[in-house]
Amino acid sequence: MSTDNITLEEITGTRAANILKKRGIETVYDLAELVPRKYTDYRLLKDINNCLEGEHAAITGRFLSVESRKASNGRTYLSGKLQQSNGTKISLIMFQNTYLYEHYLRMTGTDVVVCGKVSWSPLYGFSVPEVDLIISLDQYRPFVKKTYKKFSGISEAKLYEYINTSLCQVQDPLEKEVLDLFKIPEYRESLYYLHNGNSSQEIITGKWRLLFNDLVYFAMMLGISDTGSPSSPFIFRNLDKLVYFLTMLPYDLTDDQMKALGRMRDMAASGNRLNVLLQGDVGCGKTVVAAGMMVLAAENGCQAVLM
């Protein structure tokens with residue numbers, strides 16, 4: 001894969017690049033593939049009375065007030081009040097984005113959307129003790145908030161900017177003919193969905209493509225190890241118990257199961273080491289193939305474990 005020799009430092013600067021590298025983000029591709037650790041859905045406007053305890057929701061109302069306070073540990077936070085159209089007043093607490101205090105102060109008296117985690121108690125009623133963001137109602141657009149792991153010294157906004165810049169630099173590791181043949185989503189588009197998607201399908205598409213890439217790389221590594229034909233001290237030549245095991249099953253194995261089992265058996269019989277990823281849908285019969293290899297190992301004096 002080529003990024004036209006664009007380095008991480010050129011995108012983030014030396015200081016931020018050093019911070020990222022200490023956490024394993026070494027290249028532009030590592031940055032582009034930094035998957036959000038959490039997605040929070042703020043696509044629907046809700047009345048807080050219809051929310052569940054602990055639910056993240058986008059709530060509309062008139063922003064009454066905001067003030068800056070200090071917690072007992074010295075940490076600055078913002079405290080505010082929201083009033084819904086039915087008269088319900090809601091307490092707001094903001095430990096994030098406290099630098100937006102002046103901005104929020106100018107929003108008092110206007111209609112807003114508060115995005116955050118809803119709480120309820122018999123004594124105080126509803127509140128939003130974990131506000132993510134407050135947006136003017138006329139500027140609100142349905143969105144899914146992406147939360148990344150924290151890097152000390154890099155703000156979330158800056159990290160998001162770096163990631164989106166990196167998306168312009170990556171190239172697809174697969175040829176277009178392969179993408180078209182197997183109907184695989186394009187790499188850069190999938191990464192865009194991962195970081196900017198506002199639907200479940202877009203986010204799933206992004207994650208699926210990264211998993212597909214991992215599978216391709218794994219298969220390539222297996223191919224390289226096959227080429228080298230690494231030897232094993234264990235040679236499985238006795239097959240009687242495996243044959244008996246297969247005949248005692250209340251069903252016949254499928255052609256694909258027999259091919260997988262036959263290939264692994266042949267490699268084990270020739271003294272080659274096996275590093276195998278057996279891929280298949282849930283319920284397709286992978287376990288019985290593994291069980292067959294366990295029988296083969298036991299028959300030839302070795303131990304096997306199924307985890």
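Student: In which strand is the place of Ser 79?

Tutor: This is a predicted model, in which local features need pLDDT of at least 70, side-chain atom pairs count only at pLDDT 80 or more, and totals for chains, interfaces and linings use all residues. Residues are numbered from 1 along each chain as its sequence is written, and side-chain values use heavy atoms, with hydrogens and water left out. Helices (H or I, at least four residues) and strands (E, at least two) are DSSP runs, numbered from the N terminus. Ser 79 belongs to strand E4, residues 76-83.

Student: Is Ser 79 buried or exposed?

Tutor: Buried means under 20% relative accessible area, exposed over 50%, and partly exposed in between, with a 1.4 Å probe and protein chains only. Ser 79 counts as buried because its relative accessibility is 13%.

Student: With which residues is Ser 79 in contact, leaving aside its neighbours within four places in sequence?

Tutor: Contact means heavy atoms within 4.5 Å. On that basis, Ser 79 touches Ser 65, Val 66, Glu 67, Arg 69, Leu 92 and Ile 93.

Student: How many bridges join strand E5 to strand E7?

Tutor: Two strands pair if DSSP finds at least two bridges between them. E5 (residues 89-94) and E7 (residues 125-136) run parallel and are joined by two bridges. Ser 91 has Ser 127 in E7 as its bridge partner.

Student: In what sense do strand E6 and E7 pair?

Tutor: E6 (residues 111-121) pairs with E7 in the antiparallel sense, over nine bridges. A hairpin of three residues connects E6 to E7, and Trp 120 stands opposite Phe 126 in E7.

Student: At what angle do helices H5 and H7 pack?

Tutor: Axes are lines fitted to C-alpha atoms, for helices over the stretch in contact, and angles run from 0 to 180 degrees between N-to-C directions. H5 and H7 (residues 187-196) pack at about 165°, with their axes 10 Å apart. H5 is therefore roughly antiparallel to H7, a description that applies to angles over 145 degrees.

Student: Is the crossing of H5 and H7 left-handed or right-handed?

Tutor: A crossing is left-handed if the near helix is turned anticlockwise from the far one by less than a right angle, and right-handed if clockwise. The crossing of H5 and H7 is left-handed.

Student: Which residues in H5 and H7 meet?

Tutor: Tyr 160, Ile 163, Asn 164 and Leu 167 in H5 meet Arg 188, Leu 191, Tyr 192, His 195 and Asn 196 in H7. The residues of this contact divide into five nonpolar, three polar and one charged. Here Ala, Val, Leu, Ile, Met, Phe, Trp, Tyr, Cys and Pro count as nonpolar, Asp, Glu, Lys and Arg as charged, and the others, Gly among them, as polar.

Student: Where does Cys 168 lie?

Tutor: Cys 168 lies in the loop between H5 (156-167) and H6 (176-182). Cys 168 counts as exposed because its relative accessibility is 51%. The C-alpha atoms of Cys 168 and Ala 32 are separated by 9.2 Å, although these residues are 136 residues apart along the chain.

Student: Which value of phi does Lys 183 have?

Tutor: Lys 183 is not a glycine, yet its phi is positive, at about 55°. Lys 183 is found in the loop between H6 and H7, and it is exposed, with a relative accessible area of 72%.

Definitions and conventions: Parallel < 35°, antiparallel > 145°, perpendicular 65-115°, else oblique.
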